[in-house]
Amino acid sequence: MKKKIDALAYSAEIAQALKKAAFVTTKCGDKVNTMAIGWGHIGRIWERPVFVAYVRDCRYTREMLDANPEFTVNVPMKGYDKRALAVCGGKSGRDMDKIAEAGLTLVEPEVISVPAIKEFPLTLECRVLYREEQDDSRLPEDIRRQFYSIETEDHIAYYGEIVAAYMIEA
């Protein structure tokens, strides 16, 4: 069962969750993948409610988002299984089924093709409106040093219009 919510009314909870863990889930064909995120923004732009997800160019999630520009944001409300975070934040969906490995339960979406995750009940269904590749040469030197090195790649910002928002109730 799902309870519809106003996504922007939960912006404080979402911002707080990002300090620990939230997930971005993608789907391409019959394959579903999820990735732990710590960066993101929720708000309004172009007179629409939007969640901006930041994904490194090298991530499997980026490949899936580019093939199917829809995603869900999945937020814990009362804690979460740290094993799920370890799997989804430290492994690649290219090499394994992270959903199965983390013991997560998929829930049918309402508007888009990408499912929600029962264990992370606050769900935003998003459709990409805009994609912007980051140019780290324009960042202050201290930020470049801390977050970007020769071994890492820039982020891509995916501006997803929130087309459905709900709480999955057990």
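In strand 9, T72 has E125 as its bridge partner. That contact belongs to a set of six bridges joining strand 6 (residues 70-75) to strand 9 (residues 122-133), and the two run antiparallel. A quick word on terms: two strands count as paired if DSSP finds at least two bridges between them. Helices (H or I, at least four residues) and strands (E, at least two) are DSSP runs, numbered from the N terminus.

On to the next pairing: strand 9 and strand 10 (residues 155-168) pair in the antiparallel sense over eleven bridges. Here C126 stands opposite I162 in strand 10. As background, side chains in a regular strand alternate between the two faces of the sheet.

## What kind of model this is

This is a predicted model, where local features need pLDDT of at least 70 and side-chain atom pairs count only at pLDDT 80 or more, while totals for chains, interfaces and linings use all residues. Residues are numbered from 1 along each chain as its sequence is written, and side-chain values use heavy atoms, with hydrogens and water left out.

## The strand 2 and strand 3 hairpin

Strand 2 (residues 22-28) is joined to strand 3 by seven bridges, again running antiparallel. K27 has V32 in strand 3 as its bridge partner. The two strands make a hairpin with two residues between them, and G29 in the turn has a positive phi of about 65 degrees.

How much of strand 3 is buried? Six of its seven residues are, so strand 3 is largely enclosed by the rest of the structure. For the cut-offs, buried means under 20% relative accessible area, exposed over 50%, and partly exposed in between (1.4 Å probe, protein chains only).

## Aromatic pairs around W46

A search of the whole structure turns up four aromatic pairs. One of them is W46 with Y130, an edge-to-face pair at 6.0 Å centre to centre with 75 degrees between the planes. This pair links distant parts of the chain: W46 sits in the loop between strand 4 (40-45) and strand 5 (48-56), Y130 sits in strand 9, and they are 84 residues apart. W46 is partly exposed at a relative accessible area of 47%, and Y130 is partly exposed too, at 37%.

W46 also pairs with Y159, this time tilted, at 5.7 Å centre to centre and 50 degrees between the planes. Y159 is in strand 10, 113 residues from W46. At 17% relative accessibility, Y159 counts as buried. Put together, W46, Y130 and Y159 form one aromatic cluster. The rules for such pairs: rings of Phe, Tyr and Trp (its six-membered ring) pair if their centres lie within 6.5 Å, with planes under 30 degrees apart counted as stacked, over 60 as edge-to-face and the rest as tilted.

K2 lies over the face of Y166, at 4.7 Å from the ring centre. A charge sits over a ring if NZ of Lys or CZ of Arg is within 6 Å of the ring centre and within 35 degrees of the ring normal.

M167 is placed in strand 10 and counts as buried at 13% relative accessibility. M167 and L124 are 43 residues apart in sequence, yet 9.0 Å apart in space, C-alpha to C-alpha.

## The largest pocket

The largest pocket holds about 380 Å³ of space. Of the 23 residues that line it, the closest to its centre are M35, A36, R56, R59 and G89. Strand 3 (31-37), strand 5, helix 2 (60-67) and helix 3 (82-90) each supply at least two lining residues, and strand 3 gives the most, with four. By class, the lining has ten nonpolar, eight polar and five charged residues. A pocket is an open set of points on a 1 Å grid over the protein atoms alone, where a 1.4 Å probe fits, with protein on both sides within 12 Å along at least five of seven lines; lining residues have an atom within 4 Å of a point.

Where is G90 placed? G90 is in helix 3, and at 60% relative accessibility it counts as exposed. G90 and A36 are 54 residues apart in sequence and 8.4 Å apart in space, C-alpha to C-alpha.

How values were computed: Grid points are joined across faces, edges and corners, and a volume is the space filled by probe spheres set on the points. Ala, Val, Leu, Ile, Met, Phe, Trp, Tyr, Cys and Pro count as nonpolar, Asp, Glu, Lys and Arg as charged, and the others, Gly among them, as polar.
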